[in-house]
Amino acid sequence: MEHDLILAGGGLANSLIALRLAELRPDIKVTIIEQGPTIGGNHTWSSFGGDINEVQRAWTAPLFEHRWDHYEVRFPGLRRSLAEGYGSATSERLAAAVAKALPAERIITGAPIVAITPDSVQLADQRVLNARGVIDGRGQGPTKALDLRWQKFLGQEVELAAPHGLTGPVIMDATVPQLDGYRFVYTLPFGPKTVLIEDTYFSDGNDLSVDLLRRHLADYAASQGWTITRIIREEAGILPLGIGGDIDKFWDEGAAGIPRVGLAAGLFHPVTGYSFPDAVRTADLVASLGSLDSATIYRAVRDHSVRAWRKRWMYRLLNRMLFLAALPDERYRVLERFYEHGDDLVGRFYAADPRLADWRRILSGRPPLPVGRAASTLIRYELGLM
Ligand SMILES: Cc1cc2nc3c(=O)[nH]c(=O)nc-3n(C[C@H](O)[C@H](O)[C@H](O)COP(=O)(O)OP(=O)(O)OC[C@H]3O[C@@H](n4cnc5c(N)ncnc54)[C@H](O)[C@@H]3O)c2cc1C
């Protein structure tokens, strides 16, 4: 079998590339290789309505299982509903879309990759596949070049004895006891009696005690007056949040000339850890390239990732306030203060597309932390003292 382009790793970013190419460039022979038993693993990928544009919303529409036209946030001193759409795509739908878009023999699962070059992929069973283009989308790897903190969570999709009464997602319920950094519970109502509840932490460390978080989820359900009758599914995640780093060094840590996408390319929102919108944009970028050889793709995605990283420096500054300047039990105040802004500003913030005036508004007014402590933390970080 011949291959024009091999997608190494059948996760979010590479699957979206496969879908976009199948739609716009059906002549390209694309093969996707995944170590797990299915494409896309076991995930729910959510995003805000304004994160992607109309065209992107249209081509990703089949991936979405749930959509809402508003969402809510809850803090000790603020509770509000925002008139911004929110939606959840699922790995089952992603796998089904890829299965529809590519011939079955071009979807290789249960096949760990052991080596990649710009024009070949070697599998654990010794097979070597060759192509003019190879894209590495194998997810987050270790890095010394980026300064990261973590969003850790355990989620359970549960069935309740009686309707939960929610009309839309609760993106952050930070009225819960603040433990291990900034803690909040995230809730998505999938059906009248079905709900995904995630116990989430913005933490300094990337350890996760699943048993403890299971107890917290049970306590939260009880505090809402919900009786869980069945746990349908469980998902855990430890997502990177950026506080600093050198994006060029990050790229130079990887093998030269092998294009990377998704988390492997540092393409995630520094404050939320979301990568769905970035993965959609990357798929559009790859599909727009004149030639799909590794050198061309590498130049384009590296350039795109470096520009996106640099453009997001203010987010990393905000994270420094959150993780370094705020005491752990003060962190919620930074977010609470942020949610006092209008729906439009919040929407642009999540879409990683804020205006200069937005930053002025975010950083002005009543500060959530003592100004002296915030300023000295930022200066000490710049001087490499922390
Ligand atoms: C539980 C969870 C929930 C999340 N929820 C959201 C959300 O709601 N919204 C959002 O925007 N982001 C979310 N994220 C964050 C982010 O979007 C995901 O981590 C996203 O899947 C990253 O995309 P990716 O393509 O870089 O990597 P992945 O989707 O992780 O794909 C990498 C793939 O490569 C495969 N692979 C790795 N090594 C090899 C190998 N040697 N050989 C073959 N295959 C290999 C893996 O098995 C995996 O399937 C979530 C993450 C997790 C873990």
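Mentor: Happy to. Before we start on burial, keep one cut-off in mind: a residue is buried if 20 or more other C-beta atoms lie within 10 Å of its own, exposed if 12 or fewer, and partly exposed in between. Also, this is a predicted model.

Trainee: Got it. Which residues of helix H3 are buried?

Mentor: In H3, which covers residues 91–101, the buried ones are Ser 91, Leu 94, Ala 97 and Val 98. They span an arc of only 120 degrees around the axis, which puts them on the same side of H3.

Trainee: Let's zoom out. Which residues touch the most other members of the largest nonpolar core?

Mentor: That core has 47 residues, and the ones touching the most other members are Ile 6, Leu 7, Ala 8, Ile 17, Ala 18, Ile 32 and Val 98. H1 supplies the largest share of this core, with 7 residues. A separate core of 45 residues lies apart from it, with Ala 174, Phe 184, Leu 239 and Ala 326 among them.

Trainee: I'd like to look at one of those more closely. What is Ile 17 in contact with, leaving aside neighbours within four places in sequence?

Mentor: Ile 17 is in contact with Leu 7, Ile 135, Val 261, Ala 283 and Val 286, once those sequence neighbours are set aside.

Trainee: New topic: domains. What does the assignment give?

Mentor: The domain assignment gives domain 1 (5–68 + 86–143 + 246–311), domain 2 (146–242) and domain 3 (313–382). Taken over C-alpha atoms, the centres of domain 1 and domain 2 are separated by 27 Å. Their contact takes 15 residues from domain 1 and 12 residues from domain 2.

Trainee: Which elements give two or more residues to the domain 1 side of that contact?

Mentor: Those are strand E4 (64–68) and E7. By type, the side of domain 1 that touches domain 2 divides into 6 nonpolar, 9 polar and no charged residues.

Trainee: Now the ligand. How many residues surround it, and which are the closest?

Mentor: The ligand is surrounded by 31 residues, and the closest are Gly 9, Gly 11, Gly 237, Gly 262 and Tyr 274. Elements that give two or more residues to this shell are H1, strand E3 (44–48) and strand E17 (228–245). E3 gives the most, with 4 residues.

Trainee: What kinds of residues are in the shell around the ligand?

Mentor: They divide into 11 nonpolar, 17 polar and 3 charged.

Trainee: And where does the ligand lie relative to domain 1 and domain 2?

Mentor: Both domain 1 and domain 2 give residues to the shell, so the ligand lies between them.

Trainee: Switching to backbone angles, what is phi of Asp 180?

Mentor: Phi of Asp 180 is near 50 degrees, a positive value in a residue other than glycine. As background, most residues other than glycine have a negative phi. Asp 180 sits in the loop between E14 and strand E15 (182–191). Ala 352 also has a positive phi, near 55 degrees, and is found in the loop between helix H10 (343–350) and helix H11 (356–363).

Trainee: Are those two buried or partly exposed?

Mentor: Asp 180 is partly exposed, because 17 other C-beta atoms lie within 10 Å. Ala 352 has 20 C-beta neighbours inside 10 Å, so Ala 352 counts as buried.

Trainee: One more stop: where is Arg 74, and what does Arg 74 touch?

Mentor: Arg 74 is in strand E5 (residues 71–75). Not counting residues up to four places away in sequence, Arg 74 touches Arg 79, Val 170, Met 172, Asp 173, Ala 174 and Thr 175. Arg 74 has 19 C-beta neighbours inside 10 Å and so counts as partly exposed.

Trainee: And Ala 287, which helix is that in?

Mentor: Ala 287 lies in helix H6 (residues 276–287). Leaving aside neighbours within four places in sequence, Ala 287 is in contact with Arg 20, Leu 21, Leu 24 and Arg 25. Ala 287 is partly exposed, with 19 other C-beta atoms within 10 Å.

Trainee: Great, thanks for the tour!

Terms used. Residues numbered from 1 in each chain as written. Predicted model: local features only at pLDDT ≥ 70, side-chain atom pairs only at ≥ 80, totals over all residues. Arc of directions from axis to C-beta. Near = placed C-beta within 6 Å. Nonpolar A, V, L, I, M, F, W, Y, C, P; charged D, E, K, R; others polar. Domains from an automatic or database assignment. Core = buried A, V, L, I, M, F, W, Y, C linked by C-beta atoms within 7 Å. Contact = placed C-beta atoms within 7 Å.
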